[in-house]
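Student: I would like to go through this structure and ask what lies behind each label. Can we take it point by point?

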Amino acid sequence: MEPWVVATSLIFLYLIITLVIGVVANRRLSSSAEDFLLYGRRAGPIVLYLTVVATYHSAFAFLGSGGFFYTHGIGFWVAGCWTILVGAITYTLGVRIWFVGKQFGYVTPADILGDFYNSEAVRIVAALVSVVFTILYIQVQAQGLGYILSVASDDRIPFALGTAILLVVAATYLMAGGLRAVYWTDVLQGIWMYLTVWIGAIVLTVRLFGSPLELWRRVALERPDLLTLPGPQGFFGPGMWFGMTMVLSFGVVLQPHMLIRYFSASSARTIRLLGATTPLYLASLYIPTALVGLAGALVMPGLDVPDRIFPLLLFEYAPAWLTGLILAGATAAAMSTLDSILHANMTVLTRDVYQRYVNPEASGPRVVAVGRLIVVALLVVAFFLSITSSDFLVVVVTMSAAGAMQLLPGICAVCLPSPRPLTKAGVLAGVFVGLATLYVATVAVPHPLGMHGGIWALLANWIVALVVSRFSAPPDPATQARIHGALEEFMYGDKESS
Amino acid sequence: MSSRPVRSHWWPRTLRGRVATIAFLGGMLLAQPPLVFQLANRVEPWILGLPFLYAYLSVIYAALLALLLMIWRWRL
């Protein structure tokens, strides 16, 4: 049997398994909106662990990181910094986000900020930032899926058709089972992608070089420029190194699909366990992708699309069945993020727009039905976004995370009490200035002085927020006492509500 | 509503918490500019068959991962 047939068949087998999981999840679904949107806030450590890591790692980790090692060398091992920082953020900020969510019924980032500042303007801005910047992320995942299927089928399935098929499958199981289906498929996807990327990298390295250590030695002989900073093209300068560390940790954590995972946890203990242990998975996934990228740089130099290096090496040097399994793993990486983003956008639009402004009295089943319709609409948007742009994966991801990061000062003001919290006017002014700066520092004058545009944006945001807060009315004292008082009791009281 | 006075949550209140935070930030600093560029930006000496920069970062990451696990174990 030809390799493309085996690879494509295994991907379709994987898709069928995810659909079956969606159907089973549907049978467990209650009519409650919270069950559909938040898994009933009952996610335990194993499910939550795998959904967090599978959601965090996407087509970007599976394909983009190999491409980055291929092009820029081991500077991409900076990924260890941001994945470890994600753990620390989860441990400190995530547990507080979980608590206020559980205590006050929050479902989205806009809920947190809107309630604390008692402001519709803040709520709307937070919802808009959440949706706009994660839709960019949908585009990335959808494009990744299209690439994978077209590569697996040896271009017999066109990019657009591949994207459409995989989007429809993800949307189908999401509509069937809500967040439960997303989480259950993420469990499968998280295990599958981790095992396959390791197996694929080891098999390729051993076949091509005899061992990973021999690969390192050959890189030193033939491409020593890949082993130091800032890399062959000067990409990993100090500003970009620091910027990617901040943006791909704080920025990704603040995207709604990650925040929703905090809200859905069953306990504070679960969140803390995630904070301490998820970096093990997140960081170690970049060990095999480094092997893939560096091996590719030696045996297949000069690729136009470096993101394709992993599948191209597999087709050339790995058995067909393994190639299929691994490409199904790549599909899993992209779908586990895509379904979570679709779900998060659906949740934001259902909760912050429909329930808030259109039909506040909507019943649970009604909310679920509207949510499903929104998924269909998002599906169409995602498809058109994916076929109308072809930007380099990592650049797009980085910009979308930098946008979501502009909510950081506001979220910190709510979740980390201080004697002088930011005010409503401060947060709004900060977000507007931050987004304007982000545009200038990523599009008009990309990364001024070598520093990542997202860092300039966050800096401007925070400074403006602090200055404006100094001269504007503080949050309502009663609301502040309610939320900060509860947090104080939770974090430092006699008993933790875990 | 809680009757406890609200104090800043930006800095740990226990000694062990402060030590852990400083250790984490210090470790992260070693993996950030300018230190990583000044101390570790070279291929040699090779460590366990790995180029120096890669091994240097891997050791720091391993230490930070261990620290996170200790923080969790200590319930900080």
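Student: Where does A:Leu449 lie?

Tutor: A:Leu449 sits in the loop between α19 (424-444) and α20 (453-470) of chain A. Keep in mind that this is a predicted model.

Student: Why is A:Leu449 called exposed?

Tutor: The cut-off for exposed is over 50% relative accessible area. A:Leu449 has 82% relative accessibility, so A:Leu449 counts as exposed.

Student: What is the phi of A:Leu449?

Tutor: Phi is positive, about 55 degrees, although A:Leu449 is not a glycine. Most residues other than glycine have a negative phi.

Student: Which residue of chain B has a positive phi without being glycine?

Tutor: B:Leu48 does, with phi near 50 degrees. B:Leu48 is in the loop between α2 and α3 of chain B. Its relative accessibility is 78%, so B:Leu48 counts as exposed too.

Student: What makes the peptide bond from B:Glu44 to B:Pro45 stand out?

Tutor: That bond is cis, with omega near 5 degrees. Most peptide bonds are trans. B:Pro45 belongs to the loop between α2 and α3 of chain B.

Student: And what is the peptide bond from B:Pro33 to B:Pro34, cis or trans?

Tutor: Cis, with omega near 5 degrees. B:Pro34 is in the loop between α1 and α2 of chain B.

Student: How do you know that B:Arg13 and A:Glu488 form a salt bridge?

Tutor: Check the distance. The cut-off is within 4 Å, from a side-chain nitrogen of Lys or Arg to a carboxyl oxygen of Asp or Glu. Here the N to O distance is 2.7 Å, and the side chains of B:Arg13 and A:Glu488 meet the rule. The count between chain B and chain A is one salt bridge.

Student: Which elements of chain B give two or more residues to the side that touches chain A?

Tutor: They are α1 (15-30), α2 (35-39) and α3 (52-73) of chain B. The largest share, 11 residues, comes from α3(B). By class, that side has 26 nonpolar, seven polar and five charged residues.

Student: How much area do chain B and chain A bury between them?

Tutor: About 3800 Å², with 73% of it on carbon and sulfur atoms. In residues, 38 of chain B are in contact with 50 of chain A. The interface also has 13 residue pairs in polar contact.

Student: Why is helix α11 (residues 256-263) of chain A said to be largely enclosed?

Tutor: Buried means under 20% relative accessible area. Eight of the eight residues of α11(A) are buried, so this helix is largely enclosed by the rest of the structure. Among them are A:His257 and A:Arg261.

Student: What makes helix α6 (residues 109-117) of chain A largely enclosed?

Tutor: Eight of its nine residues are buried, so the rest of the structure largely encloses α6(A). The buried residues include A:Asp111, A:Phe116 and A:Tyr117. Just after α6(A), A:Asn118 takes a positive phi of about 45 degrees.

Student: Which residues have the most contacts inside the largest nonpolar core?

Tutor: A:Phe76 and A:Trp82, in a core of 203 residues. Helix α8 (residues 159-209) of chain A gives the most to this core, with 18 residues.

Student: What does A:Trp82 touch?

Tutor: Contact needs heavy atoms within 4.5 Å. Leaving out residues up to four places away in sequence, the residues that A:Trp82 touches include A:Tyr56, A:Phe60, A:Phe76, A:Met244 and A:Tyr286.

How values were computed
Residues numbered from 1 in each chain as written. Chains lettered and ligands numbered in written order. Predicted model: local features only at pLDDT ≥ 70, side-chain atom pairs only at ≥ 80, totals over all residues. Heavy atoms only, no water. Core = buried A, V, L, I, M, F, W, Y, C linked by side-chain atoms within 4.5 Å. Buried < 20%, exposed > 50% of the residue type's maximum accessible area, 1.4 Å probe, protein only. Helix = DSSP H or I, 4+ residues; strand = E, 2+ residues; numbered from the N terminus. Buried area = accessible area lost by both parts, 1.4 Å probe. Polar contact = N/O pair within 3.5 Å; in protein donor to acceptor, adjacent residues only side chain to side chain. Nonpolar A, V, L, I, M, F, W, Y, C, P; charged D, E, K, R; others polar.
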